Structure formats: structure tokens, C-alpha cells
Number of protein chains: 2
Amino acid sequence: MQSLDSSTTPLTAEAFELTENGTIPPSTHKSHAKYEDGTSIDWLHEESAERARNHSMRLQHGVRGLLLPMMDAWRMWFIVIVTGIGIGIAGAWLDVLVKWLADLREGRCSYGFFYNQVACCSGIDPGDVCREWQTWSEVFRVRQIFLQTLLQAFVYIALALLFSGSAAVLVETYAPYAFHTGIPEIKAILGGYVFDAFLTPWTLLIKALGLALAVASGLSLGKEGPLVHVSCCMANILSQLFQQFRQNEAQKRRLLAAAAAAGVSVAFGSPLGGVLFGLEELDAFSSETDVMWRGFVASAIAAVSLQWVNPFGTAKLVLFQVTTNVADTWRAFELIPWLTLGVIGGVLGSFLIKLNVEVAIYRRNSILAQFPVLEVVAVSAITAAASYLIVFARVQSSELVANLFQECDPNKGDYHGLCNPSAIWENVFLLILTAALKVALTAWTFGMMIPAGIFLPTIAIGACLGRAMGILTQSLHRSNPTAWIFLSCPPDPTVPCISPGFYAVIGASAMLGGVTRMTISLVVILFELTGALSHVLPIMVCVMTAKWVGDALGTEGIYSTWIAMRQYPWLPPVHYKDKGETAAQIMKPRRKLIVIEDEGCSIPDLKSLVDEYNFNGFPVIRNEELLGYITRDKLTEIIGAFPPDENDTRKCSFSASNGSTSYLTSDNDNTIDCSGSLDETLIHLRKDVPQEVVVNMFQKFNLRHILFTHSGELTGMATKSDIVSLLTSHFPHTAALSKNASKSRQSSFTTSP
Amino acid sequence: MQSLDSSTTPLTAEAFELTENGTIPPSTHKSHAKYEDGTSIDWLHEESAERARNHSMRLQHGVRGLLLPMMDAWRMWFIVIVTGIGIGIAGAWLDVLVKWLADLREGRCSYGFFYNQVACCSGIDPGDVCREWQTWSEVFRVRQIFLQTLLQAFVYIALALLFSGSAAVLVETYAPYAFHTGIPEIKAILGGYVFDAFLTPWTLLIKALGLALAVASGLSLGKEGPLVHVSCCMANILSQLFQQFRQNEAQKRRLLAAAAAAGVSVAFGSPLGGVLFGLEELDAFSSETDVMWRGFVASAIAAVSLQWVNPFGTAKLVLFQVTTNVADTWRAFELIPWLTLGVIGGVLGSFLIKLNVEVAIYRRNSILAQFPVLEVVAVSAITAAASYLIVFARVQSSELVANLFQECDPNKGDYHGLCNPSAIWENVFLLILTAALKVALTAWTFGMMIPAGIFLPTIAIGACLGRAMGILTQSLHRSNPTAWIFLSCPPDPTVPCISPGFYAVIGASAMLGGVTRMTISLVVILFELTGALSHVLPIMVCVMTAKWVGDALGTEGIYSTWIAMRQYPWLPPVHYKDKGETAAQIMKPRRKLIVIEDEGCSIPDLKSLVDEYNFNGFPVIRNEELLGYITRDKLTEIIGAFPPDENDTRKCSFSASNGSTSYLTSDNDNTIDCSGSLDETLIHLRKDVPQEVVVNMFQKFNLRHILFTHSGELTGMATKSDIVSLLTSHFPHTAALSKNASKSRQSSFTTSP
């Protein structure tokens, strides 16, 4: 995908000079051309560039030879640590900003506009009424109750529209890639997809700002996924400071993996969860202990920074502390409601994914596609209006979740009558209504032109349903304390046995399991989030059930679904099983391949080849015998190294003996020695290898292509995109949104040889 | 390594019949010969056998085609679940047994010999003195104080000798592989090493029984590693029930990985820790989500079973509950003592490993090797005598750790004066003395002829040092409450600021980090073990420090060290970096390889080849051009399929066109078509590929060999053992104990071609 005009090829003046006498110095990493957006990186190639760089560093004499590798490591740790600190602080200030914006929808602080409600009232004694915080009706001195309500509702909705509208305008105008959660893209990027426009400073700024506005507007979205995106942007920007990452996409991706872990760590206050998320969901560490280790460090530092800024004034990482007033145990009969919640989570999660897909496809193909800001404002209006009517939906999702996770405690006051034993059915109805509303709103919101995460809404839906189940079970126990099923409860009916707050946690786990299909990382995040260590087992069982049910219903997790819809070249880490097919069925056979014949092409021939096809590279053969593979970059380099001359008839030889150490030395006037430009790490298999092995090979090595030979002769070739289409063939909406993702580039990875 | 006498080759009668008319049916999984102990399995081969089996199942008509795969899955889940339940119950009863045996050393229950002290005294009111439990001096009515002490000490030491001696005799007589922790072997087995003698029913029984005796004898050892071994034995025995695992070593290993996770889960009451241990330390899941998932399920079920049996009567999984009487926060200045503990952990951990290695090598090469039982008894006597003198060492390590993790609480009583503020220096001295004693004893004990884990002693050492550090910091704070460094403490000096119990946890983390070099799994285990969720960050930082310091001191973790000493063919999951070397430097060149020439060998030729060399397989070439690779098994199968006849001059042809679908059909009288016996998944590279890529390939695919070709011609071959010796070359004591591990087999994997 290099620019084809040789004059713009970034070769140094030195290189041009040397061409005069026919030799060119060995390829250095400086001349390594960057990939264009939309392509996939060649991991083996990047690794070998990194190896060459390390090697040349170690060859330096004296102190330099010792210092340079150390500097190298320190630069890497610098980025990891600064990203950790940065995202920790950013996450904390985002919370502060959101809290202030959200409170602004209800009123203002009389003595300082920039205080939120808690800060405004922090000076008064407990028990006193806080007069410093004024609702808007107080500010405008509206006395009549009806007008008060009307004014409050009006400001509440108007500000929601203002916030969400400005978020959408910001995103649409300045950084269109800042919309959505960002996790599907990050998964693809970590897998080798090149998408630099996704990680620019502008995207960082707009995503962070837009996220604060979007969350404060009360739309049904969370900040978790976008924070991961913000963290990756930070690491990407920092990585541009140093040549070692600027010029090596594989090394940069290792940093991004650590940054993503730090992002999750801050989003949930869950440092271990971050590492595991990177491991399980992003598949980012590919069992390389040192990369996992970086993620671990970044996560820990991010969490420490968050705790240091201490946005919630609690000096704790646990966001939604679960306080059980019953003993830290649970009883076997409780598995019945919990497993039911697991099944509900699986079913509802699948439904939410399907609904979200339908909405996304409808949005893409209808008139909505032309008015993204209007759509956001409209949905925001509906959300605000509907939420204002239902008491549980009115507050921020995070506040709702915190309250639902809280146990009823007579000393603490009752959250909207949730603990009132005489209003069981009302509460259950309201909770289910809230959940249903949030399902519909979330399915629509996730994918609009604003930054939006799916975690928090999912938790909120699950917590509502779980709490409802908890209230029902509790009332069942209260009315039949002596039933045989409750025998394991304490005999004294005044001693609580069922803890509805914990049912909300279980519900949230189940729902998250159904939507994301994560397992271990989810459990860790949940129990770091809630501190419910003694209840790890039910959470595990519940997440398992939800995942099984969801998988049985045939949908993938929400992130995989979006990746498939956008057709990113990402290989899911599933264990693909073929039905006896061999590589021959997926490879492009020899006759369909464009190859370079050894000593058969002149420089103008190569140029026309590069001009005509936009493949990532070409196999090089000599009488059908495979010599190697040359990437487009190297070809462009060769072409650019010689002055354009249509009559240059010297043929390029790739089989000269001096091989990989020196590059482009012409032995005589008839051939140009290009043997050094061949890829040094070429993997070739036989075409009767089982498909499973080929897929596995692509997955484990993140390959861009495999060549197939038989007794040395080239028989075919398979590329990453062949494998991706093989693995996503079962999904009905594959590529439904792909052009949207990268309009101009999309062709580049589907038309590889 | 097949028996070379063709008459014993396990070919079915059917196969023999068909040979008569010159054809043999396609190779079925039934005829797949088992590997012998000491070899490595061929993962690609096993995978392809599994693929063939799945394929043939799916081809079944009607209900069978649907039911068989389902049965398959159910068998797998059956083993996972039963192993989980089994190890949970076994772990629980082991605890009960150990508690009883250990209490027996102090006294007996007057009304029932088989009650332990707690059970014996459970009937009395709190506050009453328990008269039902009689010390031995009470039993024998010894009244004089001096004689009482003498009798108690005598029984204490005598029973210790009896327990440890019988454990050693049991191990030496019935199951020599039941000694040690078992984790190094399990790591090797999961990586493909074949060591069936290690997982027999006898080993299971002796390891469990011997473990109970060894732990009760008060030797400086833990039950954690051996429990993992026991769990793997269970899964292995269960897997023998079903043909699908009996005949596929790769599938069996996937089960063993889940079982190992369940073992850790039970050992520490840490279901998530189990999964992560499998992931990080055993490298068992190789980023296959479904295998990790099995580990997750097995862990969860094992933990539930343990909780159900409820050995500690607390219905909690948290073994060493940390109860902090200070608020759930920590202060920045505390990082100074904690980081110091991290450094101490790293240094002392490395020292412990080195000491252990020296002892192991000394034991191997001295007269000690001949008297393993005597050694155990002697060390047991020293341990018992020394422990009886030091108050903290006298109790079971687990009890010591539990007490050290406990905060001082005036209502709960004082554990051996640990909370006495006037005995600071005595306590610190005693704690450091205990730690030093335990370092020496552990270094000697770990490797003797008894089941022994290293986790608990390491925790105990770390907890002693940590508690000492905590006491010192606390006294420093108490004497200078207004110093600037303590400004973040509550101003009221009566409010506790430093929590020495938590310092013990930090010390344990640091020490574990230094000894095992685990990171994430260690943190998870520790906080599942202690419930100290709010202190995850300091634990993380401390483990990180200990690992860095330890790695800088140049020793590997204790398990890797033992693997290297025993020279198991195990590839550590490190990111190997070459210094510019290519595959050419590690491969055996063509001229050193024993190859089979296509149409150049008759059956008697093949037989003599198999007789002469014990390689795992041979490359097949035709005029130097690589045709494929044939395993020893397949060769033996071919030889066995034809009646022994010295004058059979028919040549084996491997290049016939009908390829892999049919096996051994003779086209005419002059050649035998063996082309179906060639390995279908052959990976070949060019010899100028960087070493790093080759090592990576071996690690990720668990290969047994890679062939190198150039333009189709065979240029060399590298085997797993070449890679293992490359990766362990830096370790000074490589293979120091290897003959001990598998005396007769050891040559088989070091002499592969």
C-alpha cells in the first residue's frame, strides 16, 4: 500500500547516493515503511525487525552496547508507568466531571458553581439539611409544586439533550472514531489490524470529553469500554515519542495490551480484573509472560493512581461495596433462584445482542445514517423522559447499581422504599420495568454516534432483575419460614437469611455473562468490584450458566458480534474444528496467484506489478519451485532504489547465494541481486495438512499468510482474510457494517492474494 | 519405543487377515500405540488422531451420529466434575486426618480415640476447661512437672519420627514417584512428557496417605503441591475408563490441566487461584478458552465440595482470615517496610532455592542416597527437637500462619505474647529465629523421600519475617506518633495505625514471590486465602519486587529449577531472544540424520533401522528431496503388518499418489505403498529462519521436531530436546538429578535424531 511514485518513497539521501555505484547498504529499520490503515501487520516481519534492531544495539561497542538495551527497557517501562498513572488520573477526573455534570441537571451549589452536590454539602453537620445545594426550582424561586416539578423535569431533560447533543456533535465533527465502546477495534488492533486513526490525540480528547457528557446525560451507557480506548490512545501517543515503538507495530501492540489492562483496572477499580480481561477477552498476552507482566504493572499503577486521586472520597477501590447483614455464607437452596438468574441472563443477554445487531443494521441502512446527532438527541430525549417517570431509572446507573447492591439496613434509610416489606409487588414490578426499559434503550444506544460502554447498563439490568428475584425469595422465606426448603436458614425469623443485595450482584454477573461471554475475568472484575469474596462460587456458577445458555442460543458475545459486523481481520481464539477438510479447500491455488518469477522481472515489471495489484506481497518462484516471499514494502523499496527507467532490462535475481545479509548488490550488469529482500521467516506447509492446523497456526502466530508447497513446488497460499471469513462464516450479519468502519481501506485486506 | 518384536505389536486380528491379500484397512485410533514413559508425546499427531476420531463419529448414520459426540462431551465433563468433587472431598478429609494425627502428638480424647482436640472439646460451654482432652502426661498420670515435660516431648518427637518414617517407608516401598511436590513433573507432563508411572492408583493412595503422615509429623512441608499431584492422579485414573482419553494423550492432558487447577483450588481454598495457577505456572491452557473453561469448572466444583464437607467448621473457603482492626486502608509510608519485605523475599527466596539445589545434589551424590528413610527420620528428629524448643515453631505451620495473620485483639487473647508491647525485641528475635530455622529445614526437607510441598513453609517463613517487620514498624510508630512520616496516621495514638497481621501477609507474598516466581496467580491465591481484598495493591507491588529481585539474582523459580535438574523435556514459556543465530546453529544437519530413502528400504531394512536407533521417527526423502516424516510407531506397524521374512525384497514407497487416505496397499509386487503412514502435519522451515522463531514454534505448538528444507531438499532437523538444552543451558545444575527421575528411559529423549 506504499505510495507508488518512487520519488516519494522514504529512502534516505544516502541510499540514493549509493545507488549510483550500484550498491545499497543493508536495509535498516529506519527505512521500514509504515502500514496503512486497514491492513494487517506482519507479526513475523515485525519480530524480525525488532530482532535485527536488538542485534545491532548489542553490537555497539563499549558503554553504548550496555546502555542502549537498558535505555530501551526503560523507555518501555516509562510508557507503561506513565500510561498507568495517566489513565488512573484521567479516570478519577472523569468521575468528578460526570458527578458534577449529572448533579447540574438537578440543581446548583449556591456558593460555587463548580461544586457537586456532595462537595457542596460536605461542610454541614450530619443530620442538618443542606441549604447550600439548591434545586433549580429553588434557584428560580418557583413556589408552586406543579411548576416546580415541571421546571425540574424541563431542566433535567434539556440538559440531557444538551450534553448528549454536544457529545454527538464533538464526535461527529472532530473524531468519528471516538464513538461506540472501542473494545472491538482494540481487540482487532491487538490482533494486528492497523487502525492508526483510531488512536490519535484528537480521538483521546473527544472520547474522554464526549464520554463525560454522554454519561452525565443519563443515556443508557457506561464508561468502562471507552476508558480502555482512552488508555490505549494514551499509550499510542506516548509510544510515538520513541523510535523503537514508532517503527515497530508489534512492540507498540504489546504496549497497547498493557494499556488496555490498565484501562479496565481503572474502569472497575479492578487491577486483577484488568490483567485477566487482557488475557481472556483481548487475547492480548498470547501466553508471553513478560507482556502479561507489563499489563500487571500497568494495572497496579493505574489502580494506585486512581486511589491516590480518590474521587469517591472513600480511599477504596471497591466501587459497589456489598454489605451483607447476614453471615458471610449462602445456602444450597439459593442455587435455585441463582441458576434461574443465570438462565435469564443468558437468554436476555442473547436477546440484547440480537436486538442491538438489528438496530445497528437498521441504522446503517435507513435514513438514520444521515442524521447521527439528531438520533442521539432523540434517544436522549426518550431516555430522559422515560427515566424521569420511573424512580429507579432516574438516577445515574452507577448510583442505581450501588443502591441495588446495598443490603437493607434500618439504620441507613430506605432507598426508594426498596426495603419496605409491604410493597414487594410494586418494587418487583418497578424493577422489572426498569430492566425492560434499559434493555430497549441500551440496545439502541450502544452504537450511536457517542462514546458508549455496554458494561454498566448490563450490570444495571442484571442488578434490577437480581434484586427483584431477591425480594421475591425473601418474601417467600418470610411468609413460609418453616418450609423444608428453608430449613437451612436460622430458625429465628427475625434473623435475616436471604440477602437481596447479593441477588442483585448475581443478577449482574449473569447478565454480564450473557452479554460479554467472558468467564474468569468477569468473575474477578465482579468480586473486585463488589468485595463479595465469600460469594465467588455462586458468581462463578451463575456466569457459567449464563454463558452456556447464551452460547446454546447461538449468538456470539457482543464484542465478537461487532467485530464480525465490521469485518475486522481478527481471529477469535476459539478452537476451530474442521470436518476433515484440508488446507487445499481454503488456500488459493497456484494458478490464481500472482507470483514473481526469479530472474524474470525487471524493475519496470515489478513497478507495474505493484501498481496493478494491491496485495501485501508476492511469492517468488523459480520454475514453480518456491524461493520465498517478498512483501510489497520491500518491492517498493527496490523499485525506489533505482532511478525510473523504462528501458532498464536488468532482471531481479532472488536466488543469488549471498542471501540475507546484504541487500541489492548487483553482481553484473544483467541481474540485480534482490535475494536479501525476501522474507526471512517463511512458513510453508503441505496442502494436505488439516484445516484445523492451518487455522491454529494463523491464530498462534498471528500470521498474515502461509504458503503451501509440495516437494518444493508452490501449490497455493492462504491469507488471514481467508481464515477470518472461514471463522465468521456462521454469523449471519458478517460485514454488515464494514464499510462504515474504514470506507476507503476496506478493500485492502479482503483482496490480498 | 515400541516393542521391536513384531508379534507383540498390538495390531488387531482383522488387520492381520487383510494383510494376506495385500491390503490393510486405514489406520484407526484403535491401533494407535501408546508412548512409553520418558518420551514426549507428539501433539500434532495426537490432534490429528482426535480429528480422525471426531470425523468418523460424525460420519455415523442416524441417531448414533448425533449421540456419539454428545456422549463424548459428557464423558469429558463427567471426569472434570468427578475429579472436582473427589479432590474436594479428599482435601477435606486429609485436613481432618492431619488434624487428628497432629493432635495425637499432644494427647488423646478420653471418650473417643478418633476425635481431635477441637471435636473432643466441642461439647463444653465456652469458658470451661476441657477435661475430655487429656495430654499424654495426664493419660499416664505423670504428676511431676519435669517428668511431664519429658514425657510430652518424648511422645511428641517419637510420634513425629513414627509418622515421617512410615511415610518414607510407604513411599520408598510402594510408590517412589509419590515423593516431593509433584508440580515439576506435572508441568512436564502437561507439556507433553510421558510419565504414566507418576499417575497410578498406587501413587495416588501413597501420596495422599504419606502426605497426611508427613504433614502431621511436623516436618517443614506443606500439602499444596502434593494435592495437585493427587488431583491429577484422580483425573488420570478416571480418564482410563474411557477410550477417548486412554488412546489420546493430548486429550488426557487437557483433563489433567483441569484437575491441576482443581487441586490448587482445594489446597488454598482458592478457586480462581487454581485457574490462574494452571494458566501462569503450568502453562496448561495454551490460550485455549475451552480448556481454561474446564479448569474453571473443576476449580469451582472442587471448592464447593470442600466447603460442603466443611473440614474447618467455618463454612468458609478463606483459610487464613485476616482481620484488621484498623480501617481497611493503608498509608503511603508503609510502602517502605513492604518494599523492604519484597527485597528480603526475593533475596531469601533465591537463597532458599540455591540451598535446596545444593542439598539435592549432595543427597544425590553422597551416601545419603542409599538411606532415604533414615534421612527422613533424622531430619524429622532434628525438626521435632528444634521446633519443640521454639514456641512459634512448635505448632503446625498452618496454625502458626493463621495466628501470625491475625490482628491483636484484646478480646481474643494473646497468641504466645505476640501482642505484648513490652516484649517487642524478644518477639522479633523469636520470629526471625523461627524463620531462619524454617529456611534451613525447608531447604533440606523439600526433596526427601516423602510427599512435600513448598508453599506452606514458604508462607510461614514470610509470615514470621513480615510479622517481625510489622511489630518493629508498630513500635516505631508508638514511640514517635508525631514524626512527620506518620502524619497520615490518625492523630489519636490509641487508634491503631499499623496492622502487623497484614505485614505478615505481605511477608508471605514476598517470600512466595521469591521462591516460586509466580505473579498474578500468586496474588489471586493470596487474597483468596486471606480475604484481604482491600490490600491487593501492596501485595501486587510486593510480589513484583520479590520477583524482580529474585530474577536479578539469577535463579529460576523453584519448579523450573527442579525441572532443569531432572531434565524433563519441558519448554519454559519464556520469550527466548537469540543473538542473531539462525536455525542452522541448533539443527542437526542432514549428514548427521538417519533418513529413509523412498523406494530404497525393504521391510527387513526398516526393521533393522528400528532395532538400531531409538529415535522417535525418521525423515523420508527421495533424492534428497523431503517427502515427509514417519514415526517409529508407524514403522513398527508397517513391519508388524507383514510376516517376518528376511528375503522380502519389496521396497517401501512413500511417494505413491494415493496419499493419506489409504494405508499400506501394495500396487504391485515390487513396492509396498506406505505413503499413508507419513505424518500428515509436517512443519518445515528454512534453515536461515531466526532461532527465536524456531523456539517460539516449538513452544506454541509443543512440537517434537521441525524439519528444515531448502527448495524442497532436506537440510536438517531440530528436536524438542535440542530446544530444551538451548533454553536450560544457562542453568549450572542441568540434569544433575535426571537419572534419578527415570533411570532407564532417560536416554530416549536425549538421543532423538
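Analyst: We take the symmetry, the interface and the cysteines in turn. This is a predicted model, in which local features need pLDDT of at least 70 and side-chain atom pairs count only at pLDDT 80 or more, while totals for chains, interfaces and linings use all residues. Residues are numbered from 1 along each chain as its sequence is written, chains are lettered from A in the order in which they are written, and side-chain values use heavy atoms, without hydrogens and water.

User: How are chain B and chain A related?
Analyst: Two copies of a chain are related by a rotation about an axis and a shift along it. Here a rotation of 180° with 0.0 Å of shift superposes chain B on chain A, with RMSD 0.1 Å (least squares on C-alpha atoms of residues with pLDDT of at least 70 in both). The two copies are thus related as by a two-fold rotation axis.

User: How many residues does the contact take from each chain?
Analyst: Contact means heavy atoms within 4.5 Å. Chain B gives 74 residues and chain A 75 residues. The copies meet through the same surface, because 100% of the interface residues of chain B are also interface residues in chain A.

User: How many disulfides are there?
Analyst: A disulfide is a covalent bond between the sulfur atoms of two cysteines. With the cut-off of sulfur atoms within 2.5 Å, the structure holds zero disulfides over all chains. For B:Cys233, the nearest cysteine sulfur, that of B:Cys232, is 7.4 Å away.

User: Is B:Cys233 buried or exposed?
Analyst: Buried means under 20% relative accessible area, exposed over 50%, partly exposed in between (1.4 Å probe, protein chains only). B:Cys233 is buried, at 0%.
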